[in-house]
Each structure stands twice: as structure tokens, then as C-alpha cells.
Amino acid sequence: MQIEKEIEFKNLLTKQEFELLVSFFQVDQKDFRSQTNYYFDTQDNFFKDNGMGFRLRVLRDQNELTLKQPIEKHVMEENTVHVSDQERDAIINQTAFPSIPFLEQFNLLSPLKCIGILQTNRVQIPFKSGTLFLDHSIYSQIEDFEIEYESSDVKYGEKVFNDLLVSHNIPIRHTDKKIARLVKYNNKLKG
């Protein structure tokens, strides 16, 4: 099991802003990698109610189960375990999870269910002592574009991120996490 402290800043982009940044960083379409995230919660919304996110990420060459828990603003504790293709298939098809210590600590009272699926094409760019991500995501009937910046320091990361946005005339927008955007959209569909 891998445990990391993730310091992350994010901003939604218009398609034009996304394309501007792709051009600025000289990213080629072949540099993008596809990933599919399956988000899970309990019937009683345990993870949502506690500000956490739990997902299965399927990449071309690996599968990761990740639990994100907030520590402070812009900082999450991220617990990740790799799962086999067989375990991945059991999770997707039967919501059957292997034994995972970071899940077992919660003694969940209701079973897990998939609350949404999000497909992302992502490019990762080393940038000013951190990592920049440009994401093009599709979920339900929505397509969105996002920039994320991961840093090892909150103050430095926030300055680098805000300076980058300002230098490209991109307004700072309140940006929910992907799981929150997906859930909001799905709730709109339910009426």
C-alpha cells in the first residue's frame, strides 16, 4: 500500500483555454494517456459525507484503488493499492472488493456501489518543481477541461498555479473535484 500527501490546485478551463495550454506546452495528442475512474460510495454516502473520495482507476498497464481523505485546504492523504486485472473485473462487474486495510478501518455499515464512471485523457508535464496535468474528461453527457498542479508545498504551489493562470489570462474558477462534478451532474438528471 502506498500513502502520499497530495497538495493539489485545480481550475476548470474552456476548450479554447485548454487548447491554448496544450499548444503553449507543446503537447502532442500522442502524449495524452487514457484512464477510466469508477467512483464508489456506500448507500448512506459515507465517503461523500466525510469529504472523502474512493475510486478504482483503470490505466492501460495497471489498476489502482485509491482513497482520498482531506487533511487541510488543498491537501489530501491518498492511500493507493494496486489490484490485478481479475480483481478489477470483480470490482466493476460485481462490486466485490479484495481485502483492503484502509477500507476495513471504517467498518462500513452499508455495501459499496458505483456512483459514476469518468473517462479522462490526461497529459502530465513537469513544471516548476511540481507536476502539471491537463485533463479532458467525459462523464454522463458532460465534457470538461481542467488544469491541475501538484506541488510539495502549499504556498509555493498556489503561487506557481495562480501565476500560470494569470499569465494566460485564465480566470480563477471555483473547481470541484471530478467526483463532486460527476455526482452533481447525476443528481441534476434525477431532478
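This is a predicted model: local features need pLDDT of at least 70, side-chain atom pairs count only at pLDDT 80 or more; totals for chains, interfaces and linings use all residues.
Visitor: Why is T36 called buried?

Guide: Its relative accessibility is 15%. Buried means under 20%. So T36 counts as buried.

Visitor: Where is T36 found, and what does T36 touch?

Guide: T36 is in strand β2, residues 33-42. Beyond four places in sequence, T36 touches L56, R57, V58, I117, L118 and Q119.

Visitor: What makes the pairing of T36 and Q119 a polar contact?

Guide: The distance between the side chains is 2.6 Å. The cut-off is 3.5 Å for a pair of N or O atoms, one able to donate a hydrogen and the other to accept it. The T36 and Q119 side chains are therefore joined by a polar contact.

Visitor: How do you know that D144 is buried or exposed?

Guide: D144 has 9% relative accessibility. The limit for buried is under 20%, so D144 counts as buried. D144 sits in strand β8. Its side chain makes a polar contact of 2.9 Å with that of Y139.

Visitor: Which residues touch the most other members of the largest nonpolar core?

Guide: F25, L132, L134 and I147 do, in a core of 23 residues. Helix α5 gives the largest share, four residues. Apart from this core lies another, of 17 residues, including L56 and V58.

Visitor: What makes the F24 and F25 pair edge-to-face?

Guide: Their planes are 90 degrees apart, and the centres 5.0 Å. Edge-to-face needs over 60 degrees, and pairing needs centres within 6.5 Å. F24 and F25 therefore form an edge-to-face pair.

Visitor: Why is the F46 and F106 pair called tilted?

Guide: The angle between the planes is 55 degrees, and the centres are 5.2 Å apart. Stacked is under 30 degrees and edge-to-face over 60; the rest is tilted. So the F46 and F106 pair is tilted. F46 lies in helix α2 and F106 in the loop between α4 and β6, so the pair ties together parts 60 residues apart in sequence.

Visitor: How do you know that the charged end of R122 sits over the ring of F133?

Guide: The charged end of R122 is 4.3 Å from the ring centre of F133. The distance cut-off is 6 Å, together with an angle of within 35 degrees of the ring normal. R122 is listed as sitting over that ring.

Technical notes:
Residues are numbered from 1 along each chain as its sequence is written. Side-chain values use heavy atoms; hydrogens and water are left out. Helices (H or I, at least four residues) and strands (E, at least two) are DSSP runs, numbered from the N terminus. Buried means under 20% relative accessible area, exposed over 50%, partly exposed in between (1.4 Å probe, protein chains only). Contact means heavy atoms within 4.5 Å. A nonpolar core is a set of buried Ala, Val, Leu, Ile, Met, Phe, Trp, Tyr and Cys residues joined through side-chain atoms within 4.5 Å. Rings of Phe, Tyr and Trp (its six-membered ring) pair if their centres lie within 6.5 Å; planes under 30 degrees apart count as stacked, over 60 as edge-to-face and the rest as tilted.
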